[in-house]
Amino acid sequence: MSRVIEPEVAERALARALANGGEFAEVFAERSAGLTMAIDESRVEAAQAGSAGGAGVRVLSGGTTYFSYVDGLDPADIERAADEAAAALRSDSAEPRPLKAAAPSSPHPIEQPPAAVPAERKAALLRDLDERGRGAGAEIAQFMASYAEVRREVAVANSEGLFTGDDRTRVRIGAQAVARRGDSVETGAETLGGHRGFELFENDPAAIAAEAARKALILLDASPAPAGSMPVVVGGGFGGVLFHEMTGHGLEADHIQKGASVYVGKLGEQVAQPLVTAYDDGRMPGEWGSDAIDDEGAPTQKTMVIEQGRLAAFLYDGLTARRDGVASTGNGRRESFRHLPVPRMTNTYIAPGEIEPEAMIAEVERGFYAKSFAGGQVDPATGDFVFGVSEGYLIEAGQVTRPCRGATLIGNCLQALAAIDAVGNDFEMKTGVCGKAGQKVPVGTGQGHVRIGAMTVGGTEV
Amino acid sequence: MIEPARRAVERTLAAGATDAEAYAVEDAGREVRAHGGEVESLTAATQRGIGVRAWIGHRVGYAYGTDLSDAGIDALAQRAAEVAGVADEDEFAGPAELPVRLIPDMGGKGAPEPATAPDLSDPSIAAYSLADVAELTLAIERAALEADPRVAGVEQAVYADSNERVAIASSSGISGEFERSSCYGYVQALAESGDGRETGLGFDLGRGPEALDPAAIGREGAERATAMIGARKPESRSCPVVLEPTVAASFVALIGGGLSAGAVQRGRSPFAERLRTEVAGEALVLHDDGLDPEGSASAPFDGEGVPRRRNALIEGGTLRTYLYDTYTARRGGATSTGSAGRGGYRSQPSVSTSNLIVTPGTLGFEDLLREAGEGVYVTDVAGLHSGVNPVSGDFSVGASGRAIRGGELAEPLREFTVASDLVSMLRAVRLAGADARWVPFGGSVSTPSLLIEAMTVAGS
């Protein structure tokens, strides 16, 4: 494959971008190709191949970002985007520095490029999932699974002389089961994905189908969730979405700089008990939220955001770092060349603690076990969050007892973070897709079991 | 854009497809973000792309791309035919056929008028320069700051517009093109008080910037943020609930999703097997109208070229029809309701709502509160994508709002959930207010406030 953009083309575009002034200009070019397909009603369908090539050009001047993008990677296309980005500026031209190529090696080697794997094998994988999901029980009424692969080759050049790139391949499968008994209908879902090639599916990928079916079947026996405030034990893996929402977003520097985060002014303060240490790590090998560089060309890194309960760092992209006079933490991410980079999480997790999950549950007299979530949402400014529980149970006298349906956890970030009173010694990472400012990016979430002393469970049983 | 679409159909047939359809879009868009009296970012760009469906017998595949050169379209055509070979046979798969017979109008008003598409393009988009819309965005922010001294700032004021040209062509003889413009503005205002920070969203939408009222957008954001100062949790109980139009719209959009024949046929809708049965209180009248002059989803034809129309969904408390695209209509022995939606050229068509419209009632907002007596007024919900089971219709979502005491608004409430299921909620709709507005969350919806007889409120 040829390079996404030649350095001479990038240099010319940067010069044109600064033709009417500006302190900084950048070209982000991208070539992507992907394939998705699904199985539903035991039929392979929705086979879809997509490709895109284009570039986004931005110019920073004063406090303003001027941005344009173009579909197409011909030099003329990219220059047109540069001209359009510069069109609204009214100053004297500025000179970009000559480009100095840097080629970071990706810590995420791809063993089996998915594009080289015959489509029939991908269809066969979906049929395996379907068979496993449907075979999990007579009450499985519906089963769906999906497969997605994408390769994104990106290049970043800027007026400070940076010229770098990344070659990113991701694969992901998802399974969703619907169980039915009389009038009761329940669903269960599970995913598996990574910054990996088709080798990710070597080790029993259909296990996610069985897991999705198990979740749906368990809920058939569920009773309505309780409503009220109680201790909550959050499961490992996708339970980490709780930390992603209630803390991660509030640490993104754009929210901080606008005063729209509950963590404003709290750097260095104790915001959690000392048993909580947490990271954002864009370098975890093969993880779903990992990349070699961010979408501004800064190397990704491991950032300790909570150190033994103390708020240790915010997450920066280039623009917010420039404002605070610090270095980017490699968190400038964007959905595609059609979007501006903003501070985003990569893989965010609470580091494992000391206690066995069973022991943590045994200490709860009456509470709720939120084993897995369907997702969540937070308003970083107020700290109010909400999570939909996809698999939940009552805890009675230190034991996990009956499954509950329809539970939602709500609360406030600062209170909930401070109320974490146990962190388990288990650990798991899961894949998610995070939305912010109208852009979706792949993120990893993780943790072991975590207990929150008191939290509001919103169920239907008053 | 019709030329590349036609060429793509020809090339896909040449690549071995027995049928083909192409959908091409060109979209010129602008976005302005403002913060602290300054323009934070200005984006102006044109994007284009094309999506091709290829059928080989009853197998279907899809490919999309951004390269509209002859070579690019050739590659796309090859790829679409190639991936069709991976799919299993589906006897109902095939392109839309015209002329489309319209199903008898379920509302009993006789056959519908032939569709005349409203004018969807607003010249004020072209008349407003980038500097003009930047000024409009700054005006939104100023209005929020000036509305109330307790407004400490805004997270962001945003303006965005789009002028798109959409074309579709198929081997079954469909060929059409239209132009449509739209814009919106919003602000996220921040109010500070002794016990914390509150946010409030103000927004407006229309076909062009002339239709937006920046002062009203700013004021709404400020009012919503300051209204929440001092909010606390309500007591857990089951009580009457009044849904503000933006909240009602989110639920109406979920209901619209359940009325998709695709969800129904695959046994994934709470409305399956409820056709022509009682599903709602008499007060809830719901239409899907793909031709409404104000609706942002209006178009002369849907995502596969079938004319858009007005569909009566719920009238007299009865479910009148599901929404069909060509595939689900063939499969269900029905006729397309012009409901094939597209998320742009990057997605294949599937059944979706166009503009969902809840018929307003006659009672004012104060009357609705009086009728509620003791209850909760919900002004915001969160976690809809994770708190709703779209198959069973069960939901539990985070909410904030105000208490209703003695038929009047009382103290602000936050950090509680409302829970029910979609069908029970519809049946419990007692009154629709007169205060309808367009809301763009989760679809294009116009709805007034709704009074729900009872919902579970979980707080402390």
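## Two helices of chain A

In this predicted model, helix 3 (residues 119-134) of chain A packs against helix 4 (residues 207-220) of chain A at an angle of about 30°, and their axes lie 8 Å apart. The crossing of helix 3 of chain A and helix 4 of chain A is right-handed.

On the side of helix 3 of chain A, the contact is made by A:Leu129, A:Arg132 and A:Gly133, while helix 4 of chain A brings A:Ala209, A:Ala210, A:Ala212 and A:Ala213. By class, the residues of this contact between helix 3 and helix 4 of chain A comprise five nonpolar, one polar and one charged.

## A sheet in chain A

Chain A also holds an open sheet of six strands, in the order 12-11-10-15-22-21, with mixed pairing. Strand 12 (310-311) and strand 21 (428-436) of chain A stand at the edges, and because each has a single partner strand, one side of each is left without a neighbour in the sheet.

Within chain A, strand 15 (residues 347-350) and strand 22 (residues 439-447) pair in the parallel sense over three bridges, and A:Asn347 has A:Gly444, in strand 22 of chain A, as its bridge partner.

## Where chains A and B meet

The contact draws 67 residues from chain A and 62 residues from chain B. On the side of chain B that touches chain A, the largest share, eleven residues, comes from strand 2 (residues 38-56) of chain B, and this side of chain B has 19 nonpolar, 26 polar and 17 charged residues.

Strand 2 (residues 43-61) of chain A and strand 3 (residues 59-65) of chain B run parallel and are joined by four bridges, with A:Ala49 standing opposite B:Ala63 in strand 3 of chain B.

Conventions:
Residues numbered from 1 in each chain as written. Chains lettered and ligands numbered in written order. Predicted model: local features only at pLDDT ≥ 70, side-chain atom pairs only at ≥ 80, totals over all residues. Axes fitted to C-alpha atoms, helices over the stretch in contact; angles between N-to-C directions. Left-handed = near helix turned anticlockwise from the far one by under 90°. Contact = placed C-beta atoms within 7 Å. Nonpolar A, V, L, I, M, F, W, Y, C, P; charged D, E, K, R; others polar. Pairing = 2+ DSSP bridges.
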